[in-house]
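Reader: I have a protein model open and I am new to this. Could you show me how to read it, feature by feature?
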Amino acid sequence: MLLPLLLYGFLFGTVYLWSVKKNQGSTEKLGTFSTKKILLGAGASFLISVFVPSLLFSGQHAMPLVLEQSKNRLFMKKAEPNLQ
């Protein structure tokens, strides 16, 4: 049981270090403060939110539910007669 975990950790660590080096090399070409970096980060966040919403933070994966409930409440409020 211990050997597969050690191999998995070594493999994951090696792939992670390789990806960090590749990422740093590719983003250095974009400049220090660049609109392209901002758009790249926004695109990555969008793709994560579409394909893997469980990785989002601060409850963002629940936003569609919140929006749907607020839309329903607004509709119900408009549909109710004015009781005052």
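Author: Happy to! Let's begin with a term: a residue is buried when its relative accessible area is under 20%, exposed when over 50%, and partly exposed in between (1.4 Å probe, protein chains only). Helices (H or I, at least four residues) and strands (E, at least two) are DSSP runs, numbered from the N terminus. Helix H1 (residues 2-28) is hardly covered, with a count of 1 buried residue among its 27. This is a predicted model, in which local features need pLDDT of at least 70, side-chain atom pairs count only at pLDDT 80 or more, and totals for chains, interfaces and linings use all residues. Residues are numbered from 1 along each chain as its sequence is written, and side-chain values use heavy atoms, with hydrogens and water left out.

Reader: How many helices and strands does the chain have?

Author: There are 3 helices and 0 strands, so the order from the N terminus is α-α-α. Buried residues make up 4% of the chain's 84 residues.

Reader: What span does helix H1 reach?

Author: The expected span of a helix is 1.5 Å times one less than its number of residues. H1 reaches 39 Å from its first C-alpha to its last, close to the 39 Å expected.

Reader: How do I read an aromatic pair?

Author: Rings of Phe, Tyr and Trp (its six-membered ring) pair if their centres lie within 6.5 Å; planes under 30 degrees apart count as stacked, over 60 as edge-to-face and the rest as tilted. The structure holds 1 aromatic pair. Tyr8 and Phe12 form this stacked pair, 6.2 Å centre to centre with 20° between the planes. Both residues lie in H1, 4 residues apart, about one turn of the helix. An α-helix has 3.6 residues a turn, so residues three or four places apart point the same way. Tyr8 and Phe12 are each exposed.
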